[in-house]
Amino acid sequence: MEVILADYLGFCYGVKRAIKIARENAAPDGSACTLGPIIHNPQMVERLKEEGVGTISSLDDMKRGRVIIRSHGVGPETYARAEAMGLECVDATCPHVKKAQLSAKELAEEGRFVVIVGEKEHPEVQSIVQWAGGSVAVVETAAEAAAVLSVPKLGIVSQTTFSGRRFREIVSALLDKSRDIRVMRTICTATDQRQHAARELASKVDVMIVIGGKNSANTTRLAQLCAKTCRTYHIETAEELQLAWFDNIEKIGITAGASTPDWIIKEVYKKCQRI
Ligand code: SF4
């Protein structure tokens, strides 16, 4: 059995950076917490907790100490509220997300109706909505884009982890909505690289294993892309691998979302090699 790793997989620059910042700001007395899980990976969240970085779901859960803003970022009100509460704010927002947030702000300041191409429930998108202010819509499909009303000035920005192909489709569907359109393509290359490498590998193997949190949007998208080409299983840890998946096959491909720790990828790789 041959086991092949995708050319690009696992932690991206923004996640590595956020985890490094969180570790540098750990507090064994429990006074350092990330606002929401640092990344969409329960195993990593647990490991950080042991190292002195807890998780809160709301600023109301914290009376004192250090709040760490995760790579997905937050809206401007959260910084203001943390400051008003006397909390120390450590910003680990990924610089690419920051760029998307500030692009939305800039488009809004130019008097444009801002369309954010992304998933409505994703925390990053919710933060971009807040930076854009009031005149904003979130669009996830070309059909939703077609329903956007015509406006004098339109600005388009994307969730950093959105698919480049779907972004183009949605932008095309928005082109007749205004005579004055400014598009800021804020998709980060980490996503494109991982998606491209996963698609390429899926075309060469019999089974793809996609590793990452079940609640991770970018991992789920990798699994969806691979499933179009070959049989695909989305797992969080090596324990979930099942022997029956690998009957009569020769090649296993492995990829992992941008929030999947290296140690989990290694465990899955080793276990697959032993099959
Ligand atoms: S996927 Fe891109 S935008 Fe998101 S955290 Fe990673 S580097 Fe930053």
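**A chat about the binding site and its surroundings**

Q: Where does Ser259 lie?
A: Keep in mind that this is a predicted model. Ser259 is in the loop between strand 12 (251–256) and helix 10 (262–274).

Q: Is Ser259 buried or exposed?
A: Ser259 is buried. Its relative accessible area is 4%. Buried means under 20%, so Ser259 qualifies.

Q: Which residues does Ser259 touch?
A: Leaving out residues up to four places away in sequence, Ser259 touches Phe11, Val15, Ile39, His40, Asn41, Ser216, Asn218 and Thr219.

Q: OK, Asn218 next. Where is Asn218?
A: Asn218 sits in helix 9 (residues 217–227). Asn218 is buried, at 16% relative accessible area.

Q: What does Asn218 touch?
A: Asn218 touches Thr161, Gly257, Ala258 and Ser259, with residues up to four places away in sequence not counted.

Q: And His72? Which elements is the His72 loop between?
A: The loop with His72 runs between strand 4 (66–69) and helix 3 (76–84).

Q: Is His72 buried or exposed?
A: His72 is buried, because its relative accessible area is 13% and the cut-off for buried is under 20%.

Q: What does His72 touch?
A: Not counting residues up to four places away in sequence, His72 touches His40, Val97, Gln101, His122, Pro123, Glu124 and Ser127. Two of those names, His40 and His122, are on the UniProt "binding site" list too.

Q: What does UniProt list for "active site"?
A: The unreviewed UniProt entry lists Glu124. Glu124 is found in helix 5 (residues 123–132).

Q: Is Glu124 buried or exposed?
A: Glu124 counts as buried, at 2% relative accessibility.

Q: Which residues is Glu124 in contact with?
A: Glu124 is in contact with His72, Val97, Gln159 and Thr160, if you leave aside neighbours within four places in sequence. Val97 is in contact with Glu124, and His72 touches Val97 as well.

Q: New topic: strand 12. How many of its residues are buried?
A: Five of the six residues in strand 12 are buried, so the strand is mostly covered.

Q: Which strands pair with strand 12?
A: Strand 1 (residues 2–5) pairs with strand 12 in the parallel sense, over four bridges. Strand 10 (residues 207–211) also pairs with strand 12 in the parallel sense, over five bridges.

Q: Which residue in strand 12 stands opposite Leu5?
A: Ile254 stands opposite Leu5. For Met208, the bridge partner in strand 12 is Gly253.

Q: Now helix 1. How many residues does helix 1 have?
A: Helix 1 (residues 13–24) has 12 residues. From first C-alpha to last, helix 1 reaches 17 Å, close to the 16 Å expected.

Q: Which residues of helix 1 are buried?
A: They are Gly14, Val15, Ala18, Ile19, Ile21 and Ala22. These residues cover an arc of only 160 degrees around the axis, so they are on the same side of helix 1.

Q: Why can residues apart in sequence point the same way?
A: An α-helix has 3.6 residues a turn, so residues three or four places apart point the same way.

Q: What is exposed on the other side of helix 1?
A: Lys20 and Glu24 are exposed there.

Q: What do the buried residues of helix 1 pack against?
A: They pack against helix 2 (42–50), strand 4 and strand 5 (88–91).

Conventions:
Residues numbered from 1 in each chain as written. Predicted model: local features only at pLDDT ≥ 70, side-chain atom pairs only at ≥ 80, totals over all residues. Heavy atoms only, no water. UniProt positions renumbered as here; feature names shortened; annotations may be inferred. Helix = DSSP H or I, 4+ residues; strand = E, 2+ residues; numbered from the N terminus. Buried < 20%, exposed > 50% of the residue type's maximum accessible area, 1.4 Å probe, protein only. Contact = heavy atoms within 4.5 Å. Pairing = 2+ DSSP bridges. Expected span 1.5 Å × (residues − 1). Arc of directions from axis to C-beta.
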